[in-house]
There are 2 protein chains.
Amino acid sequence: MSLDAYRSFLTELAEKSGDFLVPFFTDPELIVETKSDDSPVTAADCGAEQLMRDLIAARFPDHGVIGEEFPDKNAGAEWVWVLDPIDGTKSFITGVPLWGTLIALLHNGQPVLGAIHQPVLGQLMIGDGNVTTLNGDPVRVRACDAIETATFLTSDPLNPAKYQNGGAYAALIARARLVRTWGDCYGYLLLASGRADVMCDPVMNPWDIAALVPIVRGAGGVITDWQGGDAMRGVSIVATGPGLHAGVIAALNAK
Amino acid sequence: MSLDAYRSFLTELAEKSGDFLVPFFTDPELIVETKSDDSPVTAADCGAEQLMRDLIAARFPDHGVIGEEFPDKNAGAEWVWVLDPIDGTKSFITGVPLWGTLIALLHNGQPVLGAIHQPVLGQLMIGDGNVTTLNGDPVRVRACDAIETATFLTSDPLNPAKYQNGGAYAALIARARLVRTWGDCYGYLLLASGRADVMCDPVMNPWDIAALVPIVRGAGGVITDWQGGDAMRGVSIVATGPGLHAGVIAALNAK
């Protein structure tokens, strides 16, 4: 099976889960639960993941599935789908359309396809590590060589002291030209389409990372963990264009 | 002339300026200039304001107009329109749909109608000090009595030290449950529709304030400047539901 067929199936997953999710987002009566770890979750989240799991099971019964809401299925398979129906649940429940659906396809444990889908805005970004497209058009990171001229995005920048090497993180943020919490997956979409220069997340869940790797690399960007190591091994993400990455990693790890 | 007729004209201004603005927002070739004060501005901004000025001049030639991009016209008139075509220009040029168009109508210097229009999302909020609607449906601020349970929004929270009484501002932000830069006019839309609990802006331009006052009050909220005084006199804004306002003002002005 070629990657092109999987790409078309990925698009189907994004479109069908998006059609399911949007009515929940626009419903002012949205019922919000709170999980024990205090991250908000809704019927939308579970329903969209189940919908995608059912589509995968019907089409590719041998494939594995890893998702946030349900137990792993056949996680050691050659092909494994990684699903996060609502990345940015705080944005979702606040009525801010900067959340999205993350879908990745792993081959022997490595992400070979990734998607960020924002169904309210009708934006579907797909990357394969070589090329990244937004609604079918190729996109690239933009040139930026100095943090002082950078648009710096993060999902939650405040109280940097609570994160690893927080003092260095706070000092880096203070140098950036513009800092905003246009974060979660939408921050990576902005980075990969040349609208921002740095996207940092000090804390990540494994199911949030896999889709971002082929997207950022396909757009010509660099994506690692907080120490500059393999993003897939980590619990944190630093994504930038090639001109900024070394400086950002050095600044984040300054003693 | 009754306020209802002005309300219908305000809706026309919002819809026509929105139709003009959206193609600029979705155009990846958007040309961005930088003004001397470093706020980004585009042909979109000037074009939308001119479009609204022309509509007002044709329909209400005696009315005054105050806008960001052009000199005041007849600013002492009984009826004056206050226009900000793109409130949130940094969001606009970054590709984030949290900017909006602000339109206010002053009667003898006091705002009697205000609108926040987000044309990409198709959201038009109108307030008259008594009632606030979102796409025609009445909205209200939500109940919240403690900053520790509040969703706290601001346009630019970082480096609070650069703002008035910055240490107290930083301490207040650190107490909030969730803090995000889902700011500019969209933050007030979220507050007035019960999706957030506090919206603070330490620095405001006069043309940004007038529309917010009848919107926040019409939704049952409280809007003042940073010291708890008349919002219209000031250069800063604190808007909350009634249960939080006194505590937020006290905290911001703590010695």
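Predicted model: local features only at pLDDT ≥ 70, side-chain atom pairs only at ≥ 80, totals over all residues.
The relation between the copies comes first. Chain B is superposed on chain A by a rotation of 180 degrees with 0.0 Å of shift along its axis, and the RMSD is 0.0 Å. The two copies are thus related as by a two-fold rotation axis. Within chain B, the C-alpha nearest this axis belongs to Thr181(B), at 2.7 Å from it. Both copies use the same surface, since 100% of the contact residues of chain B recur in chain A.

Within chain A, helix H8 spans residues 245-252, and its buried residues are His245(A), Val248(A), Ile249(A), Ala251(A) and Leu252(A). These residues lie on the same side of H8(A), because they cover an arc of only 165 degrees around the axis.

Another helix of chain A, H6 (residues 206-209), contains Asp208(A). The relative accessible area of Asp208(A) is 7%, so this residue is buried. Once its neighbours within four places in sequence are set aside, Asp208(A) is in contact with Asp84(A), Asp87(A) and Leu102(A). Two of these contact residues, Asp84(A) and Asp87(A), are themselves aspartates.

Charged pairs form the next topic. Side chains of opposite charge can pair when their charged atoms come close. Over all chains, a search of the whole structure finds 16 salt bridges. One of the pairs is formed by the side chains of Asp225(A) and Arg233(A), with an N to O distance of 2.9 Å.

In chain B, a salt bridge of 3.0 Å, N to O, joins the side chains of Asp128(B) and Arg7(B). This pair links distant parts of the chain, 121 residues apart: Asp128(B) is in the loop between strand E7 (123-127) and strand E8 (132-134), and Arg7(B) is in helix H1 (residues 3-26). Arg7(B) is partly exposed, its relative accessible area being 23%.

Helix H1 of chain B also holds Glu12(B), whose side chain meets that of Arg59(B) in a salt bridge of 3.8 Å, N to O. Here too the pair links distant parts of the chain, 47 residues apart, with Arg59(B) in helix H2 (residues 43-59). Arg59(B) counts as partly exposed at 41% relative accessibility, and Glu12(B) likewise counts as partly exposed at 24%. In chain A, salt bridges that share partners join Asp4(A), Arg7(A) and Asp128(A) into one network.

The cysteines remain. A disulfide is a covalent bond between the sulfur atoms of two cysteines. A search of the whole structure finds 0 disulfides over all chains. Cys144(A) is in no disulfide, and the nearest cysteine sulfur, that of Cys200(A), is 13 Å away. A disulfide would require the two sulfur atoms to be within 2.5 Å. Cys144(A) is buried, with a relative accessible area of 10%. In chain B, Cys185(B) is in no disulfide either, and the nearest cysteine sulfur, that of Cys200(B), is 16 Å away. Cys185(B) is also buried, with a relative accessible area of 1%.

Notes
Residues numbered from 1 in each chain as written. Chains lettered and ligands numbered in written order. Heavy atoms only, no water. Buried < 20%, exposed > 50% of the residue type's maximum accessible area, 1.4 Å probe, protein only. Helix = DSSP H or I, 4+ residues; strand = E, 2+ residues; numbered from the N terminus. Arc of directions from axis to C-beta. Contact = heavy atoms within 4.5 Å. Salt bridge = Lys/Arg side-chain N within 4 Å of Asp/Glu carboxyl O. Least-squares fit on C-alpha atoms with pLDDT ≥ 70 in both.
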